[in-house]
Structures are given as structure tokens and as C-alpha cells.
Amino acid sequence: MVSNVAIVLMSVFATALGFSQGSVLPRYAMRQIAKMEAEAPAVVPPDDTALDDALPAPSMAPAIEYSESLPFLVKRKNLAGYVGDVGFDPLGFSDILPMDWLREAELKHARVCMLATVGFAFTDFYTLPGFEYTTLEAHDACVASGAMSQLLLWIGLLEVFSFVAIDQMLRGSGRVAGDYGFDPLGFASDPAKLQSLQMKELANGRLAMFAFSGFVTQAVLTGNTFPYLFN
């Protein structure tokens, strides 16, 4: 309040000086103005630091992680933590279906194809007595003899047990995808080696899926036995 009065007085005297010729303020008036300015409380500037502390910190946008196998695509979050993850899911199946079910399906196809690749080539080198057929002829021969029905029956029985295990896994039993407890030689008894063995199985299985597809395609196109080349 005092500082406001001082400012008003100074404005009045300044206006008067503007219309006078060489006039000066009386000493009494100058002393009063100086006294009022000395008694006026100091104006403390606002503390910007306290204001900054009161404001919420701006939220940082999460860093975008790109796929290792397809660097132009964003990595799917649900792939994290699984053995063999290189971020390959261009169609986004992991965002639609349970990851444990997808890993179970991948391992099952990988294991079947590893056996099928060896078996497909083996029958071109050795056949059982009374069953002298090439690999391409074996399927039709099994259908004609009824052996394919036996295969369907026993493999279907195994699939029933597989379905029960998968259903329990998806309900939260804690079972790891693809784990049927089959380790007669105790290869996975060491936990430190288990992940390495799982990675090797997955890598060989993925290769076998491509290899079996190539074996069948080449065998049909060439009509020849292993290595399925044109004459």
C-alpha cells in the first residue's frame, strides 16, 4: 500500500515538472518519498523451482522396439520370454491367440517334421520285406492295405492325451508348452543346459519343416528317389 502511494506522488511530481521550467522538488517531499520507499516491504519474486516441483512430470512415450527378423515391423509384446524369439510374427497371431497354444503347435509340427524328414529319405534306401515301395508309392500302398487306418487310430489316441494336456495348460496348470516329460536319457536334468537344448530343438524343428516341404515337392516334381534330382 505504501509503495503504491509513493508511486502516485512521484507521478504527480513528474507531471508537474513536465510543465515547469527548471523547478525542483522540495527537500521535504524528497525525504518523504525516500522514507516511504524504505518502509515498503520488499517484493519477493515467485519461486519457479517450487512451481516446477508442483507440476506433474510429463509422461515419457514408451520406446518402440522393432523386430529382429523383420526390422521394419514393430515387435509383438506377447513374444517376449519365449525361447527362440526373434520377433517374427508379421500377421500378429500372438495378439489374437494364446502364445502357449501357438508354441505348442509349433513344437508339435517341428517334432513331426524332424521324424518325417528322416523317414522320408530313409525309405528310399531301405524297405521292409514285402513292402518294396518308393517313398512316393508308400502312401497309396498303405491306404490300399489298410495300414493308414491303423496309423490314424493310434495317432488319434495320442492326440487325445495331447488335447487334455493342452487344455490344462491353457487353464493355468503351469505346464510348459510342449513339455510331456519325455527325457529318458536325462538330457534336461541340468537347468543351465535346458534352455540351450530347447533352442536347438526349435531351430532344428523349424529347419525340418522347410526341409520336409522341400523333400515332398522335389520328389513329386522329379519322380525320383533321394536326393530327388532330375535325371
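I looked up Phe-212 and found it partly exposed, at 24% relative accessibility (partly exposed lies between buried, under 20% relative accessible area, and exposed, over 50%, with a 1.4 Å probe and protein chains only). The model is predicted, so I note that local features need pLDDT of at least 70 and side-chain atom pairs pLDDT 80 or more, while totals for chains, interfaces and linings use all residues. Residues are numbered from 1 along each chain as its sequence is written, and side-chain values use heavy atoms, leaving out hydrogens and water.

Phe-120 and Phe-212 have ring centres 5.8 Å apart and planes at 90°, so I recorded the pair as edge-to-face. Phe-120 lies in helix α4 (residues 99–122) and Phe-212 in helix α7 (residues 191–222), so the pair ties together parts 92 residues apart in sequence. I listed Phe-120 as buried, at 12% relative accessibility.

I then noted that Phe-122 and Tyr-126 form a tilted pair, 6.0 Å centre to centre with 50° between the planes. Phe-122 is partly exposed at 47%, and Tyr-126 is partly exposed at 46%.

I also recorded one aromatic cluster, which includes Phe-125, Phe-215, Phe-226 and Tyr-228.

For the overall fold, I counted seven helices and zero strands (DSSP runs: H or I of at least four residues for helices, E of at least two for strands, numbered from the N terminus). Of the 231 residues, 19% count as buried.

Notes
Rings of Phe, Tyr and Trp (its six-membered ring) pair if their centres lie within 6.5 Å; planes under 30 degrees apart count as stacked, over 60 as edge-to-face and the rest as tilted.
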